[in-house]
Structure formats: structure tokens, C-alpha cells
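Here is my note on the model you asked me to look over.

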Amino acid sequence: MKRENGGPGNRLLDWLLRPASRPWQLVSLAVVLGVCVSTSLRENWGSDNAFVVKAAQTLLAGGSPYEDKRFLYLPSAVLMAVPEALLPTAVLRWSLPVAMSGLLGTGWLAALRMFSVPLRSRFAVVGFPVLALAYKPYVNLVLIGNWTAISAAALPVALLLAHRRSWAAAGLVVGLAIACKPMLVPIGLLFVLARQWRGLAVAVLVPLGVSLLGALMMPSPTLFFTKTLPFLLQGQDAYALPWDASPIAVLPRLGVPQPVAVLVAFAGAGAGLWAAWTRWRRTGEEGDAGELRLAETACMVMLTAFLVSRPSFDHYLLVVLPLLLASAVRPGSMPRSPWFWLALTPQVALIPWPSELAHKRRAFKDCATLCGLAILLVRRALGSGRVILGQVTTAGSPPRTEPECAATPAESASRTAF
């Protein structure tokens, strides 16, 4: 059951975990900053973030942010966006891409620390700029300034704290992220599985308290329930449809009846929840001190939510991808399988695709990646996994008094211990 030393994969991993030289560090920094500068110079910069900023500006002007049906966040998000609304557009154009990259980098570093990867290693230093250049949704997220980046930073940080037994602090991080954007609401299930009720209470009360404060400061806060929430539950409208990667939206565009698409999506979500519960119950894998179990369960919960959420955009996967990539240092993890990289292929930059899969039809590729990662994680979670064999003597075994019996297994009185 032990990992064999000297294999090609292990030699590559050993090379990646060695310290990166100073030139590599400078090149990596230059690549990330180059992505920020290039996105700042694009004409279509900041389209998503403008809705949040506009909501905060509306509040400062005495209006209700929920008059705009495009503002879909909790009242707490309005308060969080006030500092951004006070900055001029020229400052936001140059500072927001850096902030988005900084948040994504924070998530990457937290994921690495969770798996005890040295932050100065080649894997850490080179991995992040490679993700920025090769993974299209990264550039997309930096371009539009969406607050998904906050969730992408918060989830690895929260899991790192949970792995260190600081569940209350993890709940605080999750709660603050939900106050900005309710993307991490499904992670509450992880607290339930771990029976960490104090952390769950913190994760619930923080966004609730800030939302109540925001609601008291704005006129007509009930519009969130009468206008915004119904708009969300029906999957928004045709504006978001071309980019909606959820199976509920993509399958009807391929000719599948809407009820069948809904059934398929919820069946996949049900399998995902079962897989998350099963993965959490399976412990004692080789080389895992609990971090792989924690990360894979959280990623399974989030992917399950993405399967049925409306809409589900390409950059949502950046919430789970740093954790999955960092887990490559553990035997048996998803990145050790070639199928994992095949699932990411539709999102790789510089790969030419047919014109019918470009622009407004790119949701097909996004859906393929989402479903592929979900299927692979379900398969791993529901698999038997690696087990450690040990000798357990049954109650009917005869007494053994010889000293050498401790090293001699009893063939008829043993079973596999999990």
C-alpha cells in the first residue's frame, strides 16, 4: 500500500516542490501583473462589477438598490460595495484587476498551505501564473471584476482554518464571503457534516446581521423578496442565458425538453450530495491527514450547487479549482488522473474550437467542464479508496500467549479493518 519511490510522477513532484529561483519568481509576478494591465486596457472592462457599484451609489443617493433587477446580492453586499462606489472609475480600472488577482492568489496560497506545499516551491510560484495564462475563466473573472473572487479566496482560507481546528474562524470567513456574495451558502453543509455548530452559527449570523443593517439603511428592502428573489429563482432572463453553464440551461439548447433537463440536473445534484456524505465518512486514506477529505468534500458540495444553480458561469469553477490543483501532491487525488486534465481542456486558452462553440455558445464548453469535474469527483468519492490493512482479532479467537504471536497473523481470525 505504500507509494513507490523513484517513479516518473514522484520525480516530477520532487522537482516541483524544490525552491524556485529568483528569476522564476520575478517572471511569475510579471505574468500576473501583465494579465492585470491587459485587462485594464480592454474596452469591456468591469461589466459585472458595475452592478454592485451602481447599487451602492443608488443607496448613497437615497434610492433602493433593488430597483435594478440586475443587482442580485444580499443587502449586506451594498454596504460592502460602498468603499468601491466612492472611488473614481479611473482608479477602479487599474486597481480592481489587481485586487481580483490578489484574491485569487490568496486562495491559491491558502490551498497550498493546507496541503503543506512550500510557498517558495516551483509548484507554488509557477503554478499560479500558468493558471492565469492557460485557464480562460481566470482572465474573464479579472476582466469583469466579479465578486466570485472573494469566494475563491474565502473557501481555501476557511478550509485551512478548519483543518487547524479553528472552525469558528472558518465560519467567520465563510460568513463574510456570503455577506459579499451568497455563493458559499452550500458550504454550511460541511459544518453540518463535521457537527461544528458554533462555526455554522457564525457563518449564518454574520451575513444575516450585516444584511439586516443594510436593509435598515435602504428604502423598500422588501423588493429583495418580491422582485429580486423571484428573478433569481426563474434563472434570470435571456440576458444571462448565453453564458449560463448549468445543465438546466444548456440541455434545452441542445433539444432536451426542459423537464428532462431539470430532472437530469437534480439527479446529478443528488448523486453529488451522496458522494459528499460518503467522502466525509471515509477516513484513513494513505497520505491524508484529513486535508484531502476536507477539500474534496467541500469541492463536491460546491460542484453540486453549481449543477442546479441558475445561472452558473464559467468563473464559478475558480472557487474549487485551486483546492483541486493543490491536492496533486497527495496520492490518489484527482489531478493524478489524466481524466481531470481532459475535463479542463475546453477551458484551456489557445486551443482553436469550432466557431459554433465560441462567444455566446461557450456555455456548452463550460457545462462540459463543470459536469466532467463533478462526475470525476463523484467517482472518486464513491470509490472504495485506499485502505490500510490491519489485523483485528475476533471475539472467538483462542488466547495467544507466545511472545512471537504478535508478529504472526492469525489467518482464520482476522478481517480487514477500515
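**Notes on the predicted model**

1. Start with the pairing of helix H2 (residues 22–40) and helix H6 (residues 122–134). Their axes lie 9 Å apart, and the packing angle is about 25 degrees. H2 is therefore roughly parallel to H6, since angles under 35 degrees count as such. The crossing of H2 past H6 is left-handed. On the H2 side, the contact is made by Trp 24, Gln 25, Ser 28, Val 31, Val 32 and Val 35. H6 supplies Val 125, Val 126, Phe 128, Pro 129, Ala 132 and Leu 133. By class, the contact of H2 with H6 has 10 nonpolar and 2 polar residues, with no charged ones. The spacing along each helix is worth a look on screen. An α-helix has 3.6 residues a turn, so residues three or four places apart point the same way.

2. H6 has another partner, helix H7 (residues 136–144). The axes of H6 and H7 come within 5 Å and cross at roughly 85 degrees. That makes H6 roughly perpendicular to H7, because the range for that label is 65 to 115 degrees. Phe 128, Leu 131, Ala 132 and Ala 134 of H6 make the contact with Lys 136, Tyr 138 and Val 139 of H7.

3. A note on the whole, which is a predicted model. The protein has 18 helices and 0 strands. Of its 418 residues, 49% are buried. Take the contacts with a separation of 6 or more: 75% of them join residues 24 or more positions apart.

4. Next, the core. The largest nonpolar core has 109 residues. Leu 155, Leu 184, Ile 187, Met 302, Leu 303 and Phe 340 touch the most other members. Which helix gives the most to this core? It is helix H15 (residues 291–308), with 11 residues. Beyond four places in sequence, Leu 184 touches Ser 151, Ala 154, Leu 155, Val 174, Ala 177, Ile 178, Met 302 and Val 319. Leu 155 and Met 302, in that list, are also among the core residues that touch the most other members.

5. Stay with H15 for Phe 306, which lies in that helix. Is Phe 306 buried or exposed? Its relative accessible area is 3%, so Phe 306 is buried, the limit being under 20%. Leaving out residues up to four places away in sequence, Phe 306 touches Met 183, Ser 246, Ser 312, Tyr 316, Leu 317 and Leu 370. Phe 306 and Cys 371 are 65 residues apart in sequence, yet their C-alpha atoms are 9.4 Å apart in space.

6. The loop between H15 and helix H16 (321–326) holds Asp 314. Asp 314 is a charged residue by class, and it counts as buried because its relative accessibility is 7%. What does Asp 314 touch beyond four places in sequence? Tyr 135, Pro 137, Asn 140, Arg 362 and Asp 366. Pro 311 lies in the loop between H15 and H16 as well. A cis peptide bond joins Arg 310 and Pro 311, with omega about -5 degrees.

7. Helix H4 (residues 75–85) is mostly covered, with 9 of its 11 residues buried. Among the buried ones are Pro 75, Val 78, Leu 79, Val 82 and Glu 84. The cover includes helix H3 (49–60), helix H5 (89–114), helix H9 (167–180) and helix H11 (197–217).

8. Last, backbone checks. Most residues other than glycine have a negative phi, and most peptide bonds are trans. Ser 116 has a positive phi, near 60 degrees. Ser 116 sits in the loop between H5 and H6 and counts as exposed, at 53% relative accessibility. Arg 165 also has a positive phi, near 70 degrees. Its place is the loop between helix H8 (148–163) and H9. Arg 165 counts as exposed too, at 68%.

Notes
Residues numbered from 1 in each chain as written. Predicted model: local features only at pLDDT ≥ 70, side-chain atom pairs only at ≥ 80, totals over all residues. Heavy atoms only, no water. Axes fitted to C-alpha atoms, helices over the stretch in contact; angles between N-to-C directions. Helix = DSSP H or I, 4+ residues; strand = E, 2+ residues; numbered from the N terminus. Parallel < 35°, antiparallel > 145°, perpendicular 65-115°, else oblique. Left-handed = near helix turned anticlockwise from the far one by under 90°. Contact = heavy atoms within 4.5 Å. Core = buried A, V, L, I, M, F, W, Y, C linked by side-chain atoms within 4.5 Å. Buried < 20%, exposed > 50% of the residue type's maximum accessible area, 1.4 Å probe, protein only.
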